[in-house]
Amino acid sequence: GYQFCIKQVIFEYVQMNDDSEKLGHFLAEKVQPLCESLGVDFDVAMLELIGEICRGKNVSEHDILHACALARYCKADAVKCRSTLCIMRAALSCGIFPSWLMDLSHEAVPWSRSDAELRSELQE
C-alpha cells in the first residue's frame with residue numbers, strides 16, 4: 001500500500017542523489033508531510049527501507065552509505081539506533097569497514113540513552 005510507495009520514493013531519491021543536505025530537505029519537506037497525510041508512520045517506513053537496503057549477500061559500500069544517510073534522518077532516537085545496528089551488522093557481515101561508519105556508531109550511542117540494551121549493542 002502507501003508504505004511501500006513511500007519506501008520506493010525514498011529509495012529512488014537516495015539512489016539518484018548523494019547530497020545528505022538535499023536528502024534531509026526532501027525527507028522533511030516532502031516525504032514526512034506525505035506520510036502524515038496518508039497515515040504512514042515515517043520511522044517505520046525508514047526502518048524497513050534501511051533493513052531492505054542492508055539485507056542480502058551483495059550489499060555494497062554504497063548501499064551502506066545510503067543506509068547511513070537515511071538513519072540520521074529518522075525522527076525517533078530508538079529508530080535511529082535500530083537502524084544503526086542493522087547497518088553495522090550488514091557492514092560487518094559483508095566485510096565493509098569504512099571510517100565514516102564508525103562516525104555513525106559513535107553518533108548513535110547518545111541516541112540510545114533511554115534503552116540500556118540498545119546502548120550496549122551499539123557500544124560492542
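A: Start with the cut-off: a salt bridge here is a side-chain nitrogen of Lys or Arg within 4 Å of a carboxyl oxygen of Asp or Glu. Keep in mind that this is a predicted model.

Q: Fine. How many salt bridges does the search of the whole structure find?
A: Three.

Q: Which residues are linked in a network of salt bridges?
A: Lys 7, Glu 48 and Glu 52.

Q: How far apart are the closest N and O atoms of Glu 48 and Lys 7?
A: They sit 3.1 Å apart. Glu 48 is in helix H3, residues 42-54, and Lys 7 is in helix H1, residues 2-16, so this bridge ties together parts 41 residues apart in sequence.

Q: And what is the N to O distance for Glu 52 and Lys 7?
A: That salt bridge comes out at 2.7 Å. It also links distant parts of the chain, with Glu 52 in H3 and Lys 7 in H1, 45 residues apart.

Q: Is Lys 7 buried or exposed?
A: Buried, at 8% relative accessible area. Its partners are another matter. Glu 48 is partly exposed at 34%, and Glu 52 is partly exposed, with 34% as well.

Q: Which side chain does Asp 77 meet in a salt bridge?
A: That of Lys 80, at 4.0 Å from N to O. Both residues lie in helix H5, residues 77-94. They are three residues apart, about one turn of the helix. Asp 77 is partly exposed at 24%, while Lys 80 is buried at 13%.

Q: Switching to cysteines. How many disulfides does the search find?
A: Zero, across the whole structure. Cys 54 is in none, and the nearest cysteine sulfur, in Cys 86, is 4.4 Å away.

Q: What about Cys 68, how far is its sulfur from the closest cysteine sulfur?
A: It is 7.7 Å from the sulfur of Cys 54, too far for a bond.

Q: OK, helix packing. At what angle do the axes of H3 and H5 cross?
A: Roughly 5°, and the axes come within 9 Å. The two helices are therefore roughly parallel to each other.

Q: Which residues meet there?
A: From H3, Asp 43, Leu 47, Ile 50, Gly 51 and Cys 54. From H5, Val 79, Arg 82, Ser 83, Cys 86, Ile 87 and Ala 90.

Q: How does that contact split by class?
A: Seven nonpolar residues, two polar and two charged. Cys 54 and Cys 86 are both in that contact, but they form no disulfide, as the search finds zero.

Q: Last topic, the tryptophan. Where is Trp 100 found?
A: In helix H6, residues 99-111. Trp 100 is partly exposed, with 24% relative accessible area.

Q: What does Trp 100 touch, leaving out residues up to four places away in sequence?
A: Glu 61, Ile 64, Leu 65, Cys 68 and Arg 72. So buried Cys 68 is one of the contacts of Trp 100.

Q: And how far is Trp 100 from Leu 65?
A: They are 35 residues apart in sequence. In space the separation is 8.5 Å, C-alpha to C-alpha.

Definitions and conventions: Residues are numbered from 1 along each chain as its sequence is written. This is a predicted model: local features need pLDDT of at least 70, side-chain atom pairs count only at pLDDT 80 or more; totals for chains, interfaces and linings use all residues. Side-chain values use heavy atoms; hydrogens and water are left out. A disulfide is a pair of cysteine sulfur atoms within 2.5 Å. Buried means under 20% relative accessible area, exposed over 50%, partly exposed in between (1.4 Å probe, protein chains only). Helices (H or I, at least four residues) and strands (E, at least two) are DSSP runs, numbered from the N terminus. Axes are lines fitted to C-alpha atoms, for helices over the stretch in contact, and angles run from 0 to 180 degrees between N-to-C directions. Angles under 35 degrees count as roughly parallel, over 145 as roughly antiparallel, 65 to 115 as roughly perpendicular and the rest as oblique. Contact means heavy atoms within 4.5 Å. Ala, Val, Leu, Ile, Met, Phe, Trp, Tyr, Cys and Pro count as nonpolar, Asp, Glu, Lys and Arg as charged, and the others, Gly among them, as polar.
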